[in-house]
Amino acid sequence: MRLVPIAMLEPGMKLGKRIYNDEGIVLLSEQIELTTHLIKRISQLGISYVYIQDPQMEDIDFPIMLREETRIRAMKEIKEQFTSLAGGKMKHKYPYLGKKFTGVMELILEDICSQPGVMIMMTGMHTMDHTLYDHSLNVCIHSLILGKALGYDKNKLMEIGLGAMLHDIGKTQIPPHILQKPGKLTHEEYEIVKNHTLYGFKLLKDEPGIPLLSAHCALQHHERMDGQGYPQGLKGSDIHEYGKLLALTDSYDAMTTNRVYQNALLPHQAVEMLFAGTGTLYDQHILEVFRDYVAIYPVGLTVQLITGDTAVVVRIHPEAPHRPVVRIIKDSEGRQLHTPYDLDLMEHLSVMIAGVGGEAVMMTSEEPQFT
């Protein structure tokens, strides 16, 4: 497969990965042949990139973070429990959140811990209405991978995993018309949204089976190192490590997925933006570890090399994700190669990635307005 920007899609191409809607339901399955109508429809959905099949890339192994059955089970539980709390229902009689989500977290941990070199990859293709449910699961997965990299034991992974999955549960108490607003929030609306951290802590702090530190994840994931975060304006060491970790994974997922108010960035762009906030927004040590566990050039991505050649990323070195193995498909004159060949950038240090094919996303140094 190859990761292709929408502008470069052509009729006759076949999808390599499924496209989901905002609730995780499959809209288009892999292997479906694209038509002019389908390409137009995909563009209207607000999707920036899709995976397409390519005979020259058939041997590429696409790593996964989570098994499909685990993702489906987790999404089902998140949607059911969050829906039960929607509309201002601050408490529900049954089932307990702790009982429901602990079982799901065991499955997720089993998937992640069974992969020695698991990295943070791009998730499936989703429409622009990237929902609370999908965001909650992505942040959970990213947080567990980062926690594992930081040396957390199983108990700490369970705490951060539950906290990450439920970090935005307080948004169930926010009016939908504000959360789904397609433009910039007014000051008054933003103040209402900020309350989701307090609502989330209130929902979780006394919940059986939910560790108190997991509840603090909901409370502190918008605190920032310089004290300019919310709700308490905590600084540096006053913020729990889980809060610092979630500040990163929450922002990263918001940056790399389509929202009604912004287009998705590619992983290397999002990491660059995060590093712009080193020491002011984000903890430097956690950010440096995070960088080493993000596949900044995802498998299948078309890149331009400093030599002028066009290549596709075919394998990632876990110890150096910025120096992947690439497959050269066009020469410096733009001519298609009859026999593509692989080049390991770890062995050819003078060759660097100069750009990404079809990259047209505008960069900004600002954080997302809310995540």
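I take a nonpolar core to be a set of buried Ala, Val, Leu, Ile, Met, Phe, Trp, Tyr and Cys residues joined through side-chain atoms within 4.5 Å. Buried means under 20% relative accessible area, exposed over 50% and partly exposed in between (1.4 Å probe, protein chains only).

Ground rules: this is a predicted model, where local features need pLDDT of at least 70, side-chain atom pairs count only at pLDDT 80 or more, and totals for chains, interfaces and linings use all residues. Residues are numbered from 1 along each chain as its sequence is written, and side-chain values use heavy atoms, with hydrogens and water left out.

Core. I found 91 residues in the largest nonpolar core, with Ile108, Leu137 and Phe290 among those having the most contacts inside it. Helix 4 (residues 132–149) gives the most to this core, 8 residues; helices (H or I, at least four residues) and strands (E, at least two) are DSSP runs, numbered from the N terminus. A second, separate core has 15 residues, including Met13 and Ile39.

Ile108. Contact means heavy atoms within 4.5 Å. Beyond four places in sequence, Ile108 touches Leu66, Thr70, Ala74, Leu137, Cys140, Leu144 and Met165.

Gln31. I placed Gln31 in the loop between strand 3 (26–28) and helix 1 (36–44). Gln31 counts as exposed because its relative accessibility is 56%. Leaving out neighbours within four places, its contacts are Lys14, Leu15 and Gln53.

Confidence. pLDDT is the predictor's confidence in each residue, from 0 to 100. The chain averages 85, and 88% of the residues score at least 70. Over residues 358–365 pLDDT stays under 50.
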